[in-house]
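Here is a short briefing on one protein model. It covers a helix, a core, some backbone angles and charged pairs.

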Amino acid sequence: MARSPLFGRRIHIAGSIVEDLAIASTADVNQARELVAALVKELARRGANFVVPVDAEPLRKSDGLPICFDWLIWKTLRESLASRPANVPGPLAVAVQHHKSEDQVPAEYADLWDELRSSPMVKIENAAHWNMASKRMEAQARFGDILVALGGTEGVLYLANLYHDAGKPIIPLNLPVSPETAGARRLYSFGLTSSQTRRLFQVADDGDAHDWLNKIRFPPRQSIPDRVAVLVDLLESLERPKAFAVRLLNPALPDYADVQDFFDTVVQPVIENELGYRLVVIDGRQAHDHARIDQEIFAKLHRSAVVIADITGGRSNCFLELGYALGRGLPTMVTAREGSDLPFDITTLSGLHWKNSGAAEDRRRAFREHWQAIRTRPSLVPAEPLIS
């Protein structure tokens with residue numbers, strides 16, 4: 001099987017079911033759980049990673065079924081280990097917990113959790129003493145690449161807002177496990193307005209997101225395997241995470257040719273072919289989501305996963321966009337042609353001073369090594385809460 005575009009990407013399946021049997025019947029809930037288990041199994045087989053909370057498992061009073069899907073996901077991941085491809089980057093799952101989580105693990109899952117938590121397959125992220133759902137969701141959204149939402153209420157909407165602000169896709173499922181006006185079903189209804197669908201998710205190669213949203217409006221007659229197949233097709237068709245390019249764009253300026261060659265020969269091959277991002281350059285030739293070019297630039301910059309800021313030529317607009325990226329705390333690589341005259345407060349920031357000569361592979365290696373060195377660099381001013 002060819003490597004899936006989901007290889008190494010973190011999927012976050014979130015949501016819950018309501019207590020009211022008139023809204024979510026036992027049959028509907030069982031069908032939703034069957035779908036989640038089958039989806040997790042198939043995604044694990046394709047090399048996806050996951051973000052999963054660790055918490056208690058409250059049950060519905062009416063039929064005793066779990067309200068959340070978290071332990072179903074952990075159980076399915078454990079059962080799917082044998083089918084996971086070799087060499088998937090990163091841990092299988094990021095487990096987000098808080099200071100009381102270990103005491104709340106259900107007894108029937110204690111052995112499973114002890115096995116996973118002691119293995120390198122699980123990275124544990126702790127929201128410390130914040131026993132607040134919102135703080136744990138912020139941690140989940142920080143690690144997740146794609147949100148798949150089903151059911152739920154305000155929490156799912158809060159998560160969706162976090163993912164949207166970070167430019168990450170949100171796939172809402174219209175399953176009858178919550179009211180139509182709440183959680184994932186409200187998100188799905190929002191996306192049915194064709195002008196809004198692209199705000200939930202975008203499809204690679206200018207694919208039709210609205211068409212995809214209608215394809216996952218599963219009728220009751222559609223089997224679970226067929227639903228999973230459509231969902232996986234959609235997830236694999238999503239636009240890749242964006243790498244925003246800050247750079248000189250005016251061909252009339254003397255440094256343009258060198259900068260263009262640097263991006264054609266070094267940046268784009270490494271960023272797109274090796275690291276899996278889509279390089280975004282706003283030069284007025286692409287389709288716009290906003291009426292004004294400055295709004296288009298900063299909206300795309302704001303929701304990028306990483307930023308490549310080349311300041312060769314010392315253009316003021318490049319410094320403005322670089323400052324925005326650093327202030328927002330985005331992973332930002334600063335580059336400039338060797339010998340560029342840079343202001344003092346930029347020279348103190350570790351950057352790549354590239355050469356416009358030499359073998360292409362040597363130039364790409366220098367870019368790649370610098371990216372590995374700085375990609376986890378902390379923000380200029382780390383967030384410091386007054387008290388936690």
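Helix 1 has 20 residues and spans 29 Å from first to last C-alpha, close to the expected 28 Å. The expected span is 1.5 Å times one less than the number of residues. Helices (H or I, at least four residues) and strands (E, at least two) are DSSP runs, numbered from the N terminus. This is a predicted model: local features need pLDDT of at least 70, side-chain atom pairs count only at pLDDT 80 or more, and totals for chains, interfaces and linings use all residues. Residues are numbered from 1 along each chain as its sequence is written, and side-chain values use heavy atoms, with hydrogens and water left out.

**Helix 1 and its packing**
- Buried residues of helix 1 include Val29, Leu35, Leu39 and Glu42. Buried means under 20% relative accessible area, exposed over 50%, partly exposed in between (1.4 Å probe, protein chains only).
- The buried residues of helix 1 pack against strands 1, 2, 5 and 6, and against helices 2 and 10.
- Gly47 follows helix 1 and has a positive phi, near 90°.

**Nonpolar core**
- The largest nonpolar core holds 71 residues; Phe50, Trp74, Ile171, Leu173, Phe201 and Ile216 have the most contacts inside it. Helix 1 (residues 26-45) gives the largest share of this core, eight residues.
- Such a core is a set of buried Ala, Val, Leu, Ile, Met, Phe, Trp, Tyr and Cys residues joined through side-chain atoms within 4.5 Å.
- Beyond its neighbours within four places in sequence, Leu173 contacts residues including Leu35, Val148, Ile216 and Leu231. Contact means heavy atoms within 4.5 Å.

- Most residues other than glycine have a negative phi.
- Asn87 has a positive phi of about 65°. Asn87 sits in the loop between helix 2 and strand 3, and is exposed at 70% relative accessibility.
- Asp205 has a phi near 55°. Asp205 lies in the loop between helix 8 and helix 9, and is exposed at 76%.

**Salt bridges**
- The structure holds 21 salt bridges. Each is a side-chain nitrogen of Lys or Arg within 4 Å of a carboxyl oxygen of Asp or Glu.
- Lys75 pairs with Glu79 at 3.0 Å. Lys75 and Glu79 are four residues apart in helix 2, about one helical turn.
- Asp258 pairs with Arg337 at 2.9 Å. Asp258 is in helix 11 and Arg337 in strand 10, so the pair ties together parts 79 residues apart in sequence.
- Glu42, Arg45, Arg46 and Glu236 form a salt-bridge network.
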